Amino acid sequence: MTSRSRDLPRYWPILFVLDCVGTLRNNFHLQKILYLAQVEHNVPISYTFVLEDYGPYSRAVKADFISLASAGLIDLEYGDGWVLKITENGRKVVKGVYAALDEKVLKEFKVCVEKWSRKGLHELKRYVYKEHLPSNEAYFESREDFTELTNALMKHLARYPTSSNKLLVMGALDYVTTALGREQLQDPAQRNHFLRTAVRLIDQVSNIFDETSENHAVLRELMLAQLKDDFDHFQQVSEQYHVLPSLYDENVDLAALIGKPSP
């Protein structure tokens, strides 16, 4: 997540979706597209989704599209359900969104929107419930497995020669380990998002370890821009769910990251 994208207003994903599809005929459809973009495509969407009767849902999304209608950026009607359509003013505003996001984020978001905007609501609901709401037992087992993997990676990478890249990798792993230990989220949609974002970062480090395990000195030569982006995104998610503060916040109290997990 770039510093410019952090400055975007919260509602930018709504305009992005409507710019891609023109018209969307259901709040449910919008909610699920945004949720899947967030958890499956790593799009830096700041809405917090909770599990309700119809799956992951954010009340802030509805509040924002009503505000966007009041501002003349979308047209909003209510018949059998909400009908949302972007206006010409909305298309002008969304151009700033394209300029602030990197190409990979734009591509991933478009893939998600194009796939799920064409699907029926029942198919979309079945998919979200099947793939994104694991049982408590499965969730805690996965979290424990990835915590063990993270600790093993830290042990191996600690033997590498000192470099700025090693500091980045070790710092990311240390942050993830602390966050996994402190996470106490109750909502399945939120903890699924949290764990998926952590796993993405852990997978990045695991691939780096595979690439450098035979020659530790190679680590200092690697370009780790993707790792940094994934680390920034995981910090954002951890901060969003009040698990840990972000290290890029200059006002953060680093003492909050030290010590045993909270009871």
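The model is a predicted one, in which local features need pLDDT of at least 70 and side-chain atom pairs count only at pLDDT 80 or more, whereas totals for chains, interfaces and linings use all residues. Residues are numbered from 1 along each chain as its sequence is written, and side-chain values use heavy atoms, with hydrogens and water left out.

Helices (DSSP runs of H or I, at least four residues) and strands (DSSP runs of E, at least two residues) are numbered from the N terminus. Two packed helices are described by the angle between their axes and the distance between the axes. Here the axes are lines fitted to C-alpha atoms, for helices over the stretch in contact, and the angles run from 0 to 180 degrees between N-to-C directions. The axes of helix 2 (residues 12-21) and helix 5 (residues 88-100) come within 9 Å and cross at roughly 110°. Helix 2 is therefore roughly perpendicular to helix 5, given that angles of 65 to 115 degrees count as roughly perpendicular, those under 35 as roughly parallel, those over 145 as roughly antiparallel and the rest as oblique. The crossing of helix 2 with helix 5 is left-handed, a term that applies if the near helix is turned anticlockwise from the far one by less than a right angle, the clockwise case being right-handed. Contact (heavy atoms within 4.5 Å) is made by W12, L15, F16, D19 and C20 on the side of helix 2, and by G90, R91, V93, V94, V97 and Y98 on the side of helix 5. By class, this contact of helix 2 with helix 5 has 8 nonpolar, 1 polar and 2 charged residues, where Ala, Val, Leu, Ile, Met, Phe, Trp, Tyr, Cys and Pro count as nonpolar, Asp, Glu, Lys and Arg as charged, and the others, Gly among them, as polar.

D19, which lies in helix 2, has a relative accessibility of 18% and so counts as buried, the cut-offs being under 20% relative accessible area for buried, over 50% for exposed and in between for partly exposed (1.4 Å probe, protein chains only). Leaving aside neighbours within four places in sequence, D19 is in contact with I86, R91, V94 and Y98. The C-alpha atoms of D19 and L157, which are 138 residues apart along the chain, are separated by 44 Å.

Helix 9 contributes V169, A172, L173, V176, A179 and L180 to the contact, and helix 10 contributes F194, L195, A198, L201, I202 and V205. The residues of this contact of helix 9 with helix 10 divide into 12 nonpolar, no polar and no charged.

Strands of a sheet pair through backbone hydrogen bonds, either parallel or antiparallel. In this model, 3 strands form an open sheet in the order 1-5-4, with antiparallel pairing, two strands being taken as paired if DSSP finds at least two bridges between them. Strand 1 (23-24) and strand 4 (74-78) are the edge strands, each pairing on one side only. Strand 1 is joined to strand 5 (residues 82-86) by 2 bridges, and T23 has K85 of strand 5 as its bridge partner. Helix 4 (residues 59-70) packs on the sheet, touching strand 4 and strand 5, and its direction makes about 115° with that of strand 4. Strand 4 and strand 5 are joined by 5 bridges, and the bridge partner of Y78 in strand 5 is W82.

Three further residues are considered together. Y47, found in the loop between helix 3 (27-40) and strand 2 (50-52), counts as buried at 1% relative accessibility. Not counting residues up to four places away in sequence, Y47 touches R10, Y11, P13, I14, L34, Q38, S58, A60, V61, D64 and Q240. Q240 lies in helix 11 (residues 225-240) and is buried, with a relative accessible area of 16%. H193, in helix 10 (residues 188-212), counts as buried at 0% relative accessibility, and its contacts, not counting residues up to four places away in sequence, are Q38, V39, H233, V237, Q240 and Y241.
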